Amino acid sequence: MEDKLLIEGLVERKEESFSALVLQYQRRVYNTVLSISQQTEEAEDLAQEVFMEIFESIHKYRGESSLSTWIYRIATNKALEFIRKKKAQKRFAFVKSLFGQNDEIVHQSIDFEHPGILLENKERAKVLFSKIEQLAENQKVAYCLHNLEGLSYEEIAGVMKLSKSSVESLIFRAKQNLRKSLEHFYKNEYDR
Amino acid sequence: MTDRIENEVNRTLESISGLKKADSPDFFYTRLRARMQRESNVEKYIKPMLRPAILYPAFSVIILLNILTFNKLIKSKNSNSNPIENIKNDYNLTNSYGIELY
């Protein structure tokens with residue numbers, strides 16, 4: 001279904017428009033939240049929340065960007081909100097542990113395995129994902145959207161509401177930082 | 001050594017190059033609709049009860065009832081200070097036979 005028809009149907013709360021939208025975008029939304037959050041168990045819930053927000057706030061869509069850009073924006077925001085919440089929980093658990101309350105520190109996703117990774121690359125990708133997780137938020141989003149979701153610099157600029165050159169610089173810095181932390185990682189591995 | 005590390009870094013950075021998109025979970029739409037239905041019920045029946053216009057008066061009534069109950073309890077405690085005296089009074093037992101019961 002065409003975007004324009006989809007939007008009109010969604011505004012009119014038509015069931016078939018919503019199901020067509022979900023069918024058309026579910027894979028992209030699921031992959032985006034999965035790549036950024038790196039939580040296989042939570043990704044489905046997050047993707048559901050993205051579609052619920054689309055359904056609730058379709059009247060706010062002004063058509064300034066394409067529908068897919070708008071959806072990607074909601075998906076990245078949801079994933080980032082989730083990460084912030086997790087980090088806050090982790091900090092809270094840490095503070096509690098300082099006061100002697102035996103709360104388990106919230107699990108960190110160092111072992112995230114993306115289901116689409118080729119078998120022979122699994123171990124290396126695991127290391128790479130653990131380093132991607134340590135990147136600054138905007139670098140992580142730009143890097144994931146480009147390298148994992150295959151979005152162009154222009155599309156990412158639309159999603160992140162930045163200029164194309166800012167996106168280029170974010171991705172460049174993300175690659176540099178990844179390179180640095182991987183070098184450090186492998187140096188330690190060889191020194192063992 | 002440096003070359004080996006460089007090589008490892010490059011291979012790791014390239015490890016996601018053949019990445020395929022993950023499939024969204026089965027029955028995604030069905031589960032999404034079920035969740036939306038659940039949440040719309042909460043929205044329909046529970047959220048209106050949490051509006052300040054309902055919540056504050058309800059809270060005030062609860063506090064008022066608490067205060068009244070507490071007051072009544074204190075009063076009844078004071079009047080029950082001597083239970084034997086109370087029973088004597090209630091059943092008019094003191095003066096009919098001219099004897100004290102205790």
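This is a predicted model: local features need pLDDT of at least 70, side-chain atom pairs count only at pLDDT 80 or more; totals for chains, interfaces and linings use all residues.
1. Chain A has an average pLDDT of 91, and 94% of its residues score at least 70. Among its elements, helix α7 of chain A (residues 153-160) has the highest confidence, with a mean of 97, while helix α4 of chain A (residues 67-98) has the lowest, with a mean of 90.

2. Next, the layout of chain A. Chain A splits into domain 1, covering 1-108, and domain 2, covering 110-192. Taken over C-alpha atoms, the centres of these two domains of chain A are 20 Å apart. Where they touch, domain 1 of chain A puts in 12 residues and domain 2 of chain A puts in 13.

3. Have a look at the domain 1 side of that contact. On this side, the elements of chain A that supply two or more residues are α2 (15-37) and α4. Helix α4(A) gives the most, with five residues. That is also the helix where confidence in chain A is lowest, at a mean of 90. By class, the domain 1 side of chain A that touches domain 2 has eight polar residues, three nonpolar and one charged.

4. Now chain B. What is chain B built from? Of the 102 residues of chain B, 8% count as buried.

5. The two chains meet, and here is how that looks from chain B. 22 residues of chain B are in contact with 31 residues of chain A. On the chain B side, two or more residues come from each of α1 (2-13) and α2 (28-46) of chain B. Helix α1(B) provides the largest share, six residues. Sorted by class, the side of chain B that touches chain A holds 12 nonpolar, six charged and four polar residues.

6. How do α5(A) and α1(B) lie relative to each other, parallel or perpendicular? The axes of helix α5 of chain A (residues 122-132) and α1(B) come within 8 Å and cross at roughly 90 degrees, and the two helices are therefore roughly perpendicular to each other. On the α5(A) side the contact is made by Arg124(A), Val127(A) and Leu128(A), and on the α1(B) side by Arg11(B), Thr12(B) and Leu13(B). Three residues of this contact are nonpolar, two are charged and one is polar.

7. Most residues other than glycine have a negative phi. Arg13(A) is not a glycine, yet has a positive phi of about 60 degrees. Gln38(A), also a residue other than glycine, has a positive phi near 55 degrees.

8. Where do Arg13(A) and Gln38(A) sit? Arg13(A) is in the loop between α1 (3-11) and α2 of chain A, and Gln38(A) is in the loop between α2 and α3 (40-57) of chain A. Are they buried or exposed? Arg13(A) is exposed, because there are 10 other C-beta atoms within 10 Å and the cut-off for exposed is 12 or fewer. Gln38(A) counts as buried, because it has 24 C-beta neighbours inside 10 Å and the cut-off for buried is 20 or more.

Terms used:
Residues are numbered from 1 along each chain as its sequence is written. Chains are lettered from A and ligands numbered from 1 in the order in which they are written. pLDDT is the predictor's confidence in each residue, from 0 to 100. Helices (H or I, at least four residues) and strands (E, at least two) are DSSP runs, numbered from the N terminus. Two residues are in contact if their C-beta atoms, placed from the backbone, lie within 7 Å. Ala, Val, Leu, Ile, Met, Phe, Trp, Tyr, Cys and Pro count as nonpolar, Asp, Glu, Lys and Arg as charged, and the others, Gly among them, as polar. Domain bounds come from an automatic or database domain assignment. Axes are lines fitted to C-alpha atoms, for helices over the stretch in contact, and angles run from 0 to 180 degrees between N-to-C directions. Angles under 35 degrees count as roughly parallel, over 145 as roughly antiparallel, 65 to 115 as roughly perpendicular and the rest as oblique.
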